[in-house]
Amino acid sequence: MRELICISCPQGCRLTAEISGDSWLITGNRCPRGEAYAKQELTDPRRVVTAVMPTDDPAHPFIAVRTDAPCPKAMIPGLLNKLYRTVVKTPVKNGDFVIKNIDNSEISVIVTENI
Amino acid sequence: MVRLDYDVVIAGAGAAGLAAGTVCAQAGCSTLIVDREGRTGGILNQCIHNGFGLRYFKEELTGPEFAYRMSEKARHAGAEFALNSAITDIKQLEDGTFDIRVLSGKDGVTHLHARAVMLAMGCRERNRGAIATPGERPAGVFTAGTAQKLLNCEGKLPGKSAVIVGSGDIGLIMARRLRWSGIEVKAVIEIMPHSAGLTRNVVQCLHDFDIPLYLSTSVIRIDGKERVEKVVAAPLNSDRTPDTSRAFEIECDTVLFSVGLIPEMELARKLGVKENPATGGAEVNSAYSTSVPGVFSAGNVLHVHDLVDFVAEEAEYAGKCIVDYLVGAKTGKEFSSAAGKNLKYAIPNRFAAAKATRFLFRPTVVTDRAVLKAMVDGKSVWEKKLAFVRPAEMIIAEVAADTLHGDVTFELEEL
(Lines give C-alpha, C1' and ligand atoms only; values in the text may rest on other atoms or scores of the structure.)
Protein backbone atom coordinates (compact mmCIF):
# COMPACT_ATOMS: atom_id res chain seq x y z
CA MET A 1 0.00 0.00 0.00
CA ARG A 2 1.22 3.52 -0.81
CA GLU A 3 -0.03 6.82 0.56
CA LEU A 4 0.23 10.04 -1.40
CA ILE A 5 -1.21 13.53 -1.55
CA CYS A 6 -2.88 14.69 -4.75
CA ILE A 7 -1.45 17.94 -6.16
CA SER A 8 -4.05 18.44 -8.89
CA CYS A 9 -5.86 21.16 -6.94
CA PRO A 10 -5.58 22.98 -3.59
CA GLN A 11 -7.71 20.46 -1.67
CA GLY A 12 -4.75 18.07 -1.43
CA CYS A 13 -6.70 14.81 -1.04
CA ARG A 14 -4.86 12.11 0.87
CA LEU A 15 -4.86 9.11 -1.43
CA THR A 16 -4.25 5.46 -0.70
CA ALA A 17 -3.12 3.15 -3.49
CA GLU A 18 -3.27 -0.64 -3.27
CA ILE A 19 -2.25 -3.23 -5.83
CA SER A 20 -5.33 -5.04 -7.05
CA GLY A 21 -4.41 -7.66 -9.65
CA ASP A 22 -2.43 -5.87 -12.34
CA SER A 23 -3.60 -2.38 -11.49
CA TRP A 24 -3.70 0.08 -8.62
CA LEU A 25 -6.87 0.61 -6.59
CA ILE A 26 -7.01 4.27 -5.57
CA THR A 27 -9.13 5.52 -2.66
CA GLY A 28 -9.42 8.84 -0.82
CA ASN A 29 -9.80 10.94 -3.98
CA ARG A 30 -12.74 13.32 -4.21
CA CYS A 31 -12.65 13.56 -8.00
CA PRO A 32 -11.40 11.58 -11.04
CA ARG A 33 -8.27 13.73 -11.30
CA GLY A 34 -7.04 12.14 -8.05
CA GLU A 35 -7.11 8.67 -9.54
CA ALA A 36 -5.32 9.80 -12.69
CA TYR A 37 -2.72 11.66 -10.63
CA ALA A 38 -2.05 8.66 -8.37
CA LYS A 39 -1.63 6.25 -11.28
CA GLN A 40 0.75 8.63 -13.06
CA GLU A 41 2.65 9.40 -9.86
CA LEU A 42 3.13 5.71 -8.99
CA THR A 43 4.17 4.57 -12.45
CA ASP A 44 5.88 7.59 -14.05
CA PRO A 45 6.02 10.71 -11.84
CA ARG A 46 6.28 13.92 -13.83
CA ARG A 47 6.61 17.65 -13.14
CA VAL A 48 6.53 20.78 -15.27
CA VAL A 49 10.04 22.26 -15.12
CA THR A 50 10.51 26.03 -14.99
CA ALA A 51 13.86 27.83 -15.02
CA VAL A 52 15.71 30.89 -16.28
CA MET A 53 18.18 30.61 -19.15
CA PRO A 54 20.96 33.05 -20.12
CA THR A 55 20.38 35.13 -23.28
CA ASP A 56 22.62 36.94 -25.76
CA ASP A 57 20.94 40.29 -24.95
CA PRO A 58 22.90 42.28 -22.34
CA ALA A 59 19.81 44.38 -21.57
CA HIS A 60 17.86 41.19 -20.65
CA PRO A 61 20.52 38.67 -19.60
CA PHE A 62 18.02 36.00 -18.42
CA ILE A 63 14.72 34.68 -19.72
CA ALA A 64 12.06 32.53 -18.02
CA VAL A 65 11.32 29.18 -19.69
CA ARG A 66 9.21 26.07 -19.03
CA THR A 67 8.62 22.62 -20.44
CA ASP A 68 5.48 22.43 -22.58
CA ALA A 69 4.37 19.27 -20.75
CA PRO A 70 5.19 17.54 -17.45
CA CYS A 71 8.65 16.00 -17.63
CA PRO A 72 9.65 12.60 -16.13
CA LYS A 73 11.32 13.32 -12.78
CA ALA A 74 14.47 11.39 -13.65
CA MET A 75 15.07 13.68 -16.63
CA ILE A 76 14.92 16.90 -14.59
CA PRO A 77 18.53 17.29 -13.32
CA GLY A 78 20.00 16.69 -16.80
CA LEU A 79 17.49 19.04 -18.38
CA LEU A 80 18.24 21.84 -15.89
CA ASN A 81 21.95 21.42 -16.51
CA LYS A 82 21.36 21.83 -20.23
CA LEU A 83 19.11 24.88 -19.76
CA TYR A 84 21.64 26.70 -17.58
CA ARG A 85 24.40 26.10 -20.16
CA THR A 86 22.47 27.06 -23.30
CA VAL A 87 22.34 30.69 -24.41
CA VAL A 88 18.97 31.76 -25.86
CA LYS A 89 19.31 33.76 -29.08
CA THR A 90 17.11 36.86 -29.07
CA PRO A 91 14.72 38.17 -30.21
CA VAL A 92 12.24 35.56 -28.99
CA LYS A 93 8.58 35.78 -28.14
CA ASN A 94 6.29 34.09 -25.65
CA GLY A 95 5.79 30.45 -26.68
CA ASP A 96 8.87 30.14 -28.96
CA PHE A 97 10.76 26.86 -28.67
CA VAL A 98 14.30 26.96 -27.32
CA ILE A 99 14.86 23.19 -27.19
CA LYS A 100 12.63 20.84 -29.19
CA ASN A 101 11.89 17.22 -28.36
CA ILE A 102 14.44 16.77 -25.55
CA ASP A 103 16.09 13.34 -25.90
CA ASN A 104 13.17 12.15 -28.06
CA SER A 105 10.79 12.57 -25.11
CA GLU A 106 8.37 14.70 -27.20
CA ILE A 107 8.76 17.34 -24.48
CA SER A 108 10.05 20.75 -25.52
CA VAL A 109 11.18 23.89 -23.70
CA ILE A 110 9.45 27.18 -24.53
CA VAL A 111 10.16 30.74 -23.43
CA THR A 112 7.48 32.47 -21.37
CA GLU A 113 8.29 36.12 -22.09
CA ASN A 114 9.18 38.38 -25.02
CA ILE A 115 12.74 39.66 -25.40
CA MET B 1 1.68 60.52 -21.29
CA VAL B 2 -0.55 61.98 -23.95
CA ARG B 3 -3.11 63.53 -21.64
CA LEU B 4 -3.22 64.42 -17.98
CA ASP B 5 -6.92 64.09 -17.28
CA TYR B 6 -8.39 60.59 -16.79
CA ASP B 7 -11.60 59.01 -15.62
CA VAL B 8 -9.60 56.42 -13.66
CA VAL B 9 -6.01 56.31 -12.51
CA ILE B 10 -4.85 52.91 -11.23
CA ALA B 11 -1.87 52.62 -8.91
CA GLY B 12 -0.06 49.38 -9.80
CA ALA B 13 0.21 47.34 -13.03
CA GLY B 14 0.12 43.91 -11.42
CA ALA B 15 -2.72 41.42 -11.83
CA ALA B 16 -5.21 43.61 -9.93
CA GLY B 17 -4.42 46.86 -11.75
CA LEU B 18 -4.44 45.17 -15.17
CA ALA B 19 -7.75 43.37 -14.54
CA ALA B 20 -9.52 46.49 -13.28
CA GLY B 21 -7.95 48.64 -16.00
CA THR B 22 -9.18 46.27 -18.71
CA VAL B 23 -12.78 46.51 -17.51
CA CYS B 24 -12.69 50.31 -17.12
CA ALA B 25 -11.14 50.84 -20.55
CA GLN B 26 -13.57 48.39 -22.21
CA ALA B 27 -16.44 50.42 -20.79
CA GLY B 28 -15.05 53.51 -22.50
CA CYS B 29 -13.51 55.19 -19.45
CA SER B 30 -10.16 56.85 -20.05
CA THR B 31 -7.83 54.73 -17.92
CA LEU B 32 -4.20 55.15 -16.92
CA ILE B 33 -2.26 52.43 -15.11
CA VAL B 34 0.82 53.71 -13.27
CA ASP B 35 3.68 51.48 -12.11
CA ARG B 36 7.14 52.20 -10.78
CA GLU B 37 8.60 49.18 -12.62
CA GLY B 38 9.59 49.34 -16.28
CA ARG B 39 7.29 46.49 -17.28
CA THR B 40 3.72 45.52 -16.54
CA GLY B 41 2.80 42.40 -14.55
CA GLY B 42 4.10 43.29 -11.10
CA ILE B 43 5.34 40.44 -8.96
CA LEU B 44 4.12 37.85 -11.51
CA ASN B 45 7.25 38.51 -13.56
CA GLN B 46 9.51 36.99 -10.93
CA CYS B 47 7.15 34.05 -10.27
CA ILE B 48 8.49 31.93 -13.13
CA HIS B 49 6.92 28.71 -11.77
CA ASN B 50 3.69 27.24 -13.13
CA GLY B 51 0.36 26.89 -11.33
CA PHE B 52 -1.26 30.21 -12.27
CA GLY B 53 -4.39 30.69 -14.33
CA LEU B 54 -6.15 27.34 -13.84
CA ARG B 55 -9.26 29.19 -12.70
CA TYR B 56 -9.09 32.47 -14.61
CA PHE B 57 -7.74 31.27 -17.97
CA LYS B 58 -8.68 27.55 -17.57
CA GLU B 59 -5.07 26.76 -18.42
CA GLU B 60 -1.93 26.26 -16.35
CA LEU B 61 0.48 29.16 -16.86
CA THR B 62 3.67 30.57 -15.34
CA GLY B 63 3.70 34.03 -13.74
CA PRO B 64 5.22 35.83 -16.76
CA GLU B 65 2.67 34.13 -19.06
CA PHE B 66 -0.22 35.21 -16.81
CA ALA B 67 1.22 38.74 -16.71
CA TYR B 68 1.60 38.82 -20.50
CA ARG B 69 -2.02 37.80 -21.11
CA MET B 70 -3.35 40.30 -18.58
CA SER B 71 -1.20 43.08 -20.08
CA GLU B 72 -2.35 42.30 -23.61
CA LYS B 73 -6.00 42.37 -22.51
CA ALA B 74 -5.51 45.79 -20.90
CA ARG B 75 -3.68 47.14 -23.97
CA HIS B 76 -6.31 45.86 -26.38
CA ALA B 77 -9.04 47.38 -24.23
CA GLY B 78 -7.33 50.75 -24.63
CA ALA B 79 -5.85 51.30 -21.18
CA GLU B 80 -2.81 53.58 -21.15
CA PHE B 81 0.34 52.99 -19.13
CA ALA B 82 2.82 55.20 -17.28
CA LEU B 83 5.75 52.90 -16.43
CA ASN B 84 8.94 53.74 -14.52
CA SER B 85 6.64 56.17 -12.75
CA ALA B 86 5.92 56.43 -9.05
CA ILE B 87 2.85 58.07 -7.53
CA THR B 88 4.28 60.19 -4.73
CA ASP B 89 1.10 61.92 -3.54
CA ILE B 90 -2.68 61.83 -3.99
CA LYS B 91 -5.11 64.47 -2.80
CA GLN B 92 -8.88 64.57 -3.01
CA LEU B 93 -10.08 67.94 -4.33
CA GLU B 94 -13.17 69.78 -3.08
CA ASP B 95 -15.31 68.47 -5.94
CA GLY B 96 -14.42 64.87 -5.03
CA THR B 97 -11.96 64.34 -7.88
CA PHE B 98 -8.26 63.63 -7.38
CA ASP B 99 -4.93 65.33 -7.93
CA ILE B 100 -2.16 62.75 -8.36
CA ARG B 101 1.53 63.63 -8.32
CA VAL B 102 3.66 61.28 -10.41
CA LEU B 103 7.44 61.18 -10.51
CA SER B 104 9.34 59.64 -13.42
CA GLY B 105 12.84 59.87 -14.85
CA LYS B 106 11.45 60.80 -18.26
CA ASP B 107 8.87 63.46 -17.37
CA GLY B 108 10.00 64.62 -13.93
CA VAL B 109 7.06 65.60 -11.74
CA THR B 110 3.64 65.50 -13.44
CA HIS B 111 0.22 66.20 -11.96
CA LEU B 112 -2.66 64.02 -13.15
CA HIS B 113 -6.32 64.61 -12.59
CA ALA B 114 -8.75 61.71 -12.14
CA ARG B 115 -12.39 61.18 -11.23
CA ALA B 116 -11.69 57.83 -9.58
CA VAL B 117 -8.61 56.14 -8.14
CA MET B 118 -7.96 52.43 -7.85
CA LEU B 119 -5.48 51.19 -5.25
CA ALA B 120 -3.78 48.08 -6.67
CA MET B 121 -0.31 48.31 -5.16
CA GLY B 122 -0.13 44.77 -3.83
CA CYS B 123 2.01 43.80 -0.87
CA ARG B 124 5.42 44.04 0.61
CA GLU B 125 7.04 41.12 2.43
CA ARG B 126 7.38 40.90 6.18
CA ASN B 127 11.06 40.49 6.98
CA ARG B 128 13.31 39.37 9.80
CA GLY B 129 12.66 42.61 11.69
CA ALA B 130 8.90 42.12 11.48
CA ILE B 131 9.12 38.91 13.50
CA ALA B 132 12.08 40.15 15.62
CA THR B 133 14.37 37.13 15.09
CA PRO B 134 17.28 37.45 17.54
CA GLY B 135 20.95 36.88 16.78
CA GLU B 136 23.74 38.53 14.83
CA ARG B 137 23.38 40.61 11.68
CA PRO B 138 25.43 38.81 9.05
CA ALA B 139 25.00 38.94 5.26
CA GLY B 140 22.92 36.16 3.71
CA VAL B 141 19.51 36.98 5.20
CA PHE B 142 16.86 37.67 2.55
CA THR B 143 13.11 37.72 2.21
CA ALA B 144 11.98 34.84 -0.01
CA GLY B 145 10.74 37.28 -2.65
CA THR B 146 14.05 39.14 -2.79
CA ALA B 147 15.88 35.85 -3.30
CA GLN B 148 13.30 35.00 -5.97
CA LYS B 149 13.99 38.25 -7.81
CA LEU B 150 17.78 37.71 -7.56
CA LEU B 151 17.51 34.20 -8.99
CA ASN B 152 14.73 34.57 -11.54
CA CYS B 153 15.30 38.08 -12.87
CA GLU B 154 18.99 38.72 -12.29
CA GLY B 155 20.33 35.15 -12.48
CA LYS B 156 22.20 35.48 -9.16
CA LEU B 157 22.49 32.68 -6.61
CA PRO B 158 21.82 33.93 -3.05
CA GLY B 159 24.09 31.32 -1.37
CA LYS B 160 25.10 27.67 -1.22
CA SER B 161 23.01 26.18 1.60
CA ALA B 162 19.83 27.66 2.96
CA VAL B 163 17.29 27.47 5.76
CA ILE B 164 13.83 28.85 5.03
CA VAL B 165 11.93 30.47 7.89
CA GLY B 166 8.16 30.28 7.44
CA SER B 167 6.26 27.93 5.16
CA GLY B 168 4.28 30.46 3.14
CA ASP B 169 3.87 29.63 -0.54
CA ILE B 170 6.73 31.90 -1.63
CA GLY B 171 9.07 30.08 0.79
CA LEU B 172 7.94 26.67 -0.47
CA ILE B 173 8.29 27.68 -4.11
CA MET B 174 11.76 29.06 -3.32
CA ALA B 175 12.80 25.79 -1.67
CA ARG B 176 12.28 24.04 -5.01
CA ARG B 177 13.86 26.89 -6.98
CA LEU B 178 16.98 26.76 -4.77
CA ARG B 179 17.25 23.00 -5.20
CA TRP B 180 16.79 23.28 -8.95
CA SER B 181 19.56 25.91 -8.90
CA GLY B 182 21.99 23.57 -7.13
CA ILE B 183 21.58 25.12 -3.67
CA GLU B 184 21.10 22.85 -0.68
CA VAL B 185 17.95 23.46 1.40
CA LYS B 186 18.51 22.21 4.95
CA ALA B 187 15.07 22.84 6.43
CA VAL B 188 11.87 24.84 6.41
CA ILE B 189 10.92 26.05 9.89
CA GLU B 190 7.30 26.95 10.65
CA ILE B 191 6.10 28.38 13.96
CA MET B 192 2.48 27.21 13.44
CA PRO B 193 1.37 23.57 13.80
CA HIS B 194 0.43 23.53 10.08
CA SER B 195 2.02 24.81 6.87
CA ALA B 196 1.11 28.36 5.89
CA GLY B 197 1.24 27.35 2.23
CA LEU B 198 -0.94 25.22 -0.04
CA THR B 199 -0.67 21.45 0.50
CA ARG B 200 0.27 20.85 -3.11
CA ASN B 201 3.26 23.18 -2.68
CA VAL B 202 4.38 21.22 0.40
CA VAL B 203 4.26 18.07 -1.75
CA GLN B 204 5.90 19.29 -4.94
CA CYS B 205 8.42 21.66 -3.34
CA LEU B 206 9.41 19.86 -0.10
CA HIS B 207 8.43 16.15 -0.32
CA ASP B 208 9.85 15.89 -3.86
CA PHE B 209 13.26 16.92 -2.51
CA ASP B 210 13.08 15.32 0.97
CA ILE B 211 13.37 18.76 2.59
CA PRO B 212 12.35 18.53 6.28
CA LEU B 213 9.51 20.80 7.48
CA TYR B 214 9.70 21.51 11.21
CA LEU B 215 6.25 22.52 12.48
CA SER B 216 5.58 24.30 15.82
CA THR B 217 9.23 25.32 15.76
CA SER B 218 10.76 28.75 16.16
CA VAL B 219 14.11 30.19 15.03
CA ILE B 220 15.69 31.51 18.21
CA ARG B 221 19.01 32.80 16.75
CA ILE B 222 20.82 33.53 13.52
CA ASP B 223 24.59 33.31 14.02
CA GLY B 224 27.48 34.43 11.82
CA LYS B 225 30.18 37.08 11.75
CA GLU B 226 30.40 38.26 8.14
CA ARG B 227 28.08 35.72 6.55
CA VAL B 228 25.36 33.52 8.08
CA GLU B 229 26.98 30.46 9.69
CA LYS B 230 24.06 28.77 11.40
CA VAL B 231 20.47 28.97 12.55
CA VAL B 232 19.40 27.83 16.00
CA ALA B 233 15.81 26.56 16.24
CA ALA B 234 13.71 25.17 19.07
CA PRO B 235 10.37 23.37 19.20
CA LEU B 236 7.59 25.22 20.98
CA ASN B 237 6.19 24.29 24.39
CA SER B 238 2.42 24.02 24.74
CA ASP B 239 2.35 27.69 25.84
CA ARG B 240 4.06 28.51 22.50
CA THR B 241 7.37 29.61 24.04
CA PRO B 242 10.51 27.97 22.57
CA ASP B 243 11.77 24.95 24.52
CA THR B 244 15.47 25.87 24.57
CA SER B 245 16.41 22.55 26.20
CA ARG B 246 15.52 20.91 22.86
CA ALA B 247 17.19 23.59 20.68
CA PHE B 248 19.10 22.39 17.63
CA GLU B 249 21.55 24.00 15.21
CA ILE B 250 21.49 23.96 11.42
CA GLU B 251 24.60 25.06 9.53
CA CYS B 252 23.87 27.21 6.47
CA ASP B 253 25.07 30.37 4.73
CA THR B 254 21.67 31.73 3.71
CA VAL B 255 18.36 32.33 5.50
CA LEU B 256 15.16 33.16 3.62
CA PHE B 257 12.16 34.61 5.42
CA SER B 258 8.71 33.72 4.11
CA VAL B 259 6.64 35.06 6.97
CA GLY B 260 3.75 36.84 5.37
CA LEU B 261 2.86 39.91 3.37
CA ILE B 262 1.77 43.42 4.35
CA PRO B 263 -0.45 45.51 2.05
CA GLU B 264 1.46 48.51 0.73
CA MET B 265 -0.81 51.19 2.15
CA GLU B 266 1.26 54.40 2.08
CA LEU B 267 -0.76 55.99 -0.76
CA ALA B 268 -4.03 54.91 0.80
CA ARG B 269 -3.02 56.62 4.05
CA LYS B 270 -2.39 59.89 2.20
CA LEU B 271 -6.04 59.72 1.15
CA GLY B 272 -7.16 58.96 4.68
CA VAL B 273 -9.01 55.74 3.84
CA LYS B 274 -10.26 53.75 6.81
CA GLU B 275 -8.11 50.66 7.44
CA ASN B 276 -9.01 47.16 8.52
CA PRO B 277 -6.56 45.96 11.20
CA ALA B 278 -7.38 42.30 10.45
CA THR B 279 -6.21 42.52 6.82
CA GLY B 280 -3.79 45.44 6.94
CA GLY B 281 -5.69 46.78 3.92
CA ALA B 282 -8.56 49.23 3.49
CA GLU B 283 -12.14 48.74 4.60
CA VAL B 284 -14.39 48.38 1.56
CA ASN B 285 -18.07 47.99 0.74
CA SER B 286 -19.46 45.42 -1.68
CA ALA B 287 -18.57 47.78 -4.55
CA TYR B 288 -14.92 47.68 -3.42
CA SER B 289 -15.15 51.38 -2.56
CA THR B 290 -13.06 52.47 0.41
CA SER B 291 -14.35 54.94 3.03
CA VAL B 292 -13.29 57.76 0.65
CA PRO B 293 -15.84 57.97 -2.22
CA GLY B 294 -14.11 57.49 -5.58
CA VAL B 295 -11.22 55.49 -4.10
CA PHE B 296 -11.40 51.75 -4.80
CA SER B 297 -9.18 48.91 -3.71
CA ALA B 298 -8.75 45.26 -4.77
CA GLY B 299 -6.14 42.54 -4.97
CA ASN B 300 -3.38 41.95 -2.45
CA VAL B 301 -3.36 45.55 -1.24
CA LEU B 302 -6.88 44.86 0.06
CA HIS B 303 -6.14 41.45 1.58
CA VAL B 304 -3.63 38.72 0.81
CA HIS B 305 -5.02 36.22 -1.70
CA ASP B 306 -3.98 32.57 -2.14
CA LEU B 307 -4.10 32.65 -5.93
CA VAL B 308 -3.57 35.37 -8.52
CA ASP B 309 -6.71 34.06 -10.22
CA PHE B 310 -8.75 35.33 -7.26
CA VAL B 311 -6.94 38.68 -7.45
CA ALA B 312 -7.86 39.06 -11.11
CA GLU B 313 -11.51 38.08 -10.50
CA GLU B 314 -11.86 40.47 -7.58
CA ALA B 315 -10.21 43.38 -9.41
CA GLU B 316 -12.32 42.76 -12.51
CA TYR B 317 -15.42 43.09 -10.33
CA ALA B 318 -13.97 46.21 -8.71
CA GLY B 319 -13.41 47.60 -12.21
CA LYS B 320 -17.13 47.17 -12.98
CA CYS B 321 -17.95 48.99 -9.75
CA ILE B 322 -15.66 51.89 -10.73
CA VAL B 323 -17.53 52.18 -14.03
CA ASP B 324 -20.86 52.20 -12.11
CA TYR B 325 -19.50 54.94 -9.85
CA LEU B 326 -18.41 57.04 -12.83
CA VAL B 327 -21.89 56.87 -14.38
CA GLY B 328 -23.38 57.85 -11.04
CA ALA B 329 -25.03 54.57 -9.96
CA LYS B 330 -26.11 54.44 -6.30
CA THR B 331 -25.37 51.45 -4.08
CA GLY B 332 -28.52 51.65 -1.91
CA LYS B 333 -28.87 50.87 1.79
CA GLU B 334 -25.79 49.26 3.32
CA PHE B 335 -25.26 47.05 6.36
CA SER B 336 -21.99 46.19 8.06
CA SER B 337 -20.37 42.74 8.05
CA ALA B 338 -17.85 41.49 10.59
CA ALA B 339 -15.77 38.37 11.23
CA GLY B 340 -16.72 36.36 14.32
CA LYS B 341 -15.69 32.97 15.66
CA ASN B 342 -12.85 31.16 13.82
CA LEU B 343 -12.58 33.84 11.13
CA LYS B 344 -9.73 36.34 10.86
CA TYR B 345 -11.59 38.69 8.56
CA ALA B 346 -14.60 39.10 6.29
CA ILE B 347 -14.61 41.14 3.08
CA PRO B 348 -16.45 43.38 2.22
CA ASN B 349 -16.94 45.29 5.49
CA ARG B 350 -20.19 46.85 4.27
CA PHE B 351 -22.64 45.46 1.73
CA ALA B 352 -25.71 46.52 -0.19
CA ALA B 353 -28.59 44.28 0.97
CA ALA B 354 -30.45 44.58 -2.33
CA LYS B 355 -27.63 42.99 -4.37
CA ALA B 356 -26.03 39.54 -4.29
CA THR B 357 -22.70 39.78 -2.48
CA ARG B 358 -19.62 37.65 -2.74
CA PHE B 359 -18.05 37.44 0.72
CA LEU B 360 -14.46 36.35 1.31
CA PHE B 361 -13.17 34.97 4.60
CA ARG B 362 -9.86 33.90 6.05
CA PRO B 363 -10.38 31.04 8.53
CA THR B 364 -8.15 30.59 11.58
CA VAL B 365 -8.77 26.84 12.07
CA VAL B 366 -7.96 23.57 10.31
CA THR B 367 -11.04 21.35 9.97
CA ASP B 368 -12.61 19.05 7.39
CA ARG B 369 -16.24 19.79 8.29
CA ALA B 370 -17.64 23.14 9.27
CA VAL B 371 -20.62 25.40 8.79
CA LEU B 372 -20.39 29.09 7.97
CA LYS B 373 -23.20 31.12 9.54
CA ALA B 374 -24.42 34.68 9.01
CA MET B 375 -25.69 35.99 12.35
CA VAL B 376 -28.11 38.93 12.43
CA ASP B 377 -29.38 40.03 15.86
CA GLY B 378 -27.92 36.86 17.39
CA LYS B 379 -29.82 34.56 15.00
CA SER B 380 -28.40 32.56 12.12
CA VAL B 381 -30.13 33.77 8.93
CA TRP B 382 -27.94 32.05 6.32
CA GLU B 383 -25.67 28.99 6.44
CA LYS B 384 -23.22 27.20 4.20
CA LYS B 385 -21.60 23.81 4.82
CA LEU B 386 -17.87 23.58 4.14
CA ALA B 387 -15.99 20.36 3.49
CA PHE B 388 -12.44 21.63 3.69
CA VAL B 389 -11.15 24.52 5.80
CA ARG B 390 -7.51 25.64 6.00
CA PRO B 391 -6.03 29.02 6.99
CA ALA B 392 -3.98 28.93 3.75
CA GLU B 393 -7.19 28.83 1.75
CA MET B 394 -9.71 31.63 1.46
CA ILE B 395 -13.41 30.82 1.86
CA ILE B 396 -15.64 32.28 -0.85
CA ALA B 397 -19.40 32.46 -0.29
CA GLU B 398 -22.01 34.00 -2.54
CA VAL B 399 -25.01 35.33 -0.63
CA ALA B 400 -28.13 36.03 -2.72
CA ALA B 401 -29.77 39.46 -2.84
CA ASP B 402 -32.29 40.28 -0.07
CA THR B 403 -30.98 37.57 2.26
CA LEU B 404 -29.28 39.64 4.93
CA HIS B 405 -31.43 42.43 6.36
CA GLY B 406 -29.20 43.91 9.04
CA ASP B 407 -25.66 44.17 10.33
CA VAL B 408 -24.16 40.71 10.11
CA THR B 409 -21.43 38.79 11.95
CA PHE B 410 -20.13 35.68 10.23
CA GLU B 411 -19.10 32.70 12.35
CA LEU B 412 -17.42 29.45 11.44
CA GLU B 413 -18.53 26.49 13.49
CA GLU B 414 -16.51 23.26 13.47
CA LEU B 415 -18.65 20.13 13.13
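What you see is a predicted model, in which local features need pLDDT of at least 70 and side-chain atom pairs count only at pLDDT 80 or more, while totals for chains, interfaces and linings use all residues. Residues are numbered from 1 along each chain as its sequence is written, chains are lettered from A and ligands numbered from 1 in the order in which they are written, and side-chain values use heavy atoms, with hydrogens and water left out.

The size of an interface is often given as the accessible area lost when the parts come together. Here chain A and chain B bury about 2300 Å² between them, and 55% of that area is on carbon and sulfur atoms. Buried area is the accessible area (1.4 Å probe) that two parts lose on being put together, summed over both. On the chain A side, I7(A), P10(A) and T50(A) supply 24% of the area that this chain buries against chain B, more than any other three residues.

Let us stay with chain A and look at its strands. Helices (H or I, at least four residues) and strands (E, at least two) are DSSP runs, numbered from the N terminus, and two strands pair if DSSP finds at least two bridges between them. Chain A has an open sheet of three strands in the order β1-β2-β3, with antiparallel pairing. Its edge strands are β1 (2-5) and β3 (23-27) of chain A, each of which pairs on one side only. On average, neighbouring strands of this sheet are turned by 30° against each other, direction ignored. If you zoom in on β1(A) and β2 (residues 14-20) of chain A, you will find four bridges in the antiparallel sense; R2(A) has A17(A) in β2(A) as its bridge partner. Helix α1 (residues 32-43) of chain A packs on the sheet and touches β1, β2 and β3 of chain A, and its direction makes about 135° with that of β3(A). For such angles, axes are lines fitted to C-alpha atoms, for helices over the stretch in contact, and the angles run from 0 to 180 degrees between N-to-C directions.

Further along chain A, two backbone details are worth a stop. A cis peptide bond, with omega about 0°, joins T90(A) and P91(A); P91(A) lies in the loop between α2 (76-85) and β8 (97-99) of chain A. In the loop between β8 and β9 (109-111) of chain A sits N101(A), which has a positive phi of about 50° although it is not a glycine. N101(A) is partly exposed, with a relative accessible area of 34%; buried means under 20% relative accessible area, exposed over 50%, and partly exposed in between (1.4 Å probe, protein chains only).

With 58% relative accessibility, A132(B) counts as exposed. The peptide bond from I347(B) to P348(B) is cis, with omega near 0°, and P348(B) is found in the loop between β21 (343-347) and β22 (350-352) of chain B.

Now follow strand β8 (residues 108-119) of chain B. Strand β1 (residues 5-11) of chain B pairs with β8(B) in the parallel sense over six bridges, and Y6(B) stands opposite A114(B). Strand β7 (residues 98-104) of chain B pairs with β8(B) in the antiparallel sense over seven bridges, with F98(B) opposite A114(B); a hairpin of three residues joins β7(B) to β8(B). Three bridges also join β8(B) to strand β19 (residues 295-297) of chain B, in a parallel run, and there L119(B) has S297(B) as its bridge partner.

In the loop between α6 (266-271) and β19 of chain B lies S289(B), which is buried at a relative accessible area of 11%. Leaving aside neighbours within four places in sequence, S289(B) is in contact with E283(B), V284(B), V295(B), F296(B) and R350(B).

Finally, helices α3 (residues 144-154) and α4 (residues 169-180) of chain B pack at an angle of about 35°, with their axes 9 Å apart. Residues of the contact include L151(B) of α3(B) and M174(B) of α4(B).

Note on methods:
Contact = heavy atoms within 4.5 Å.
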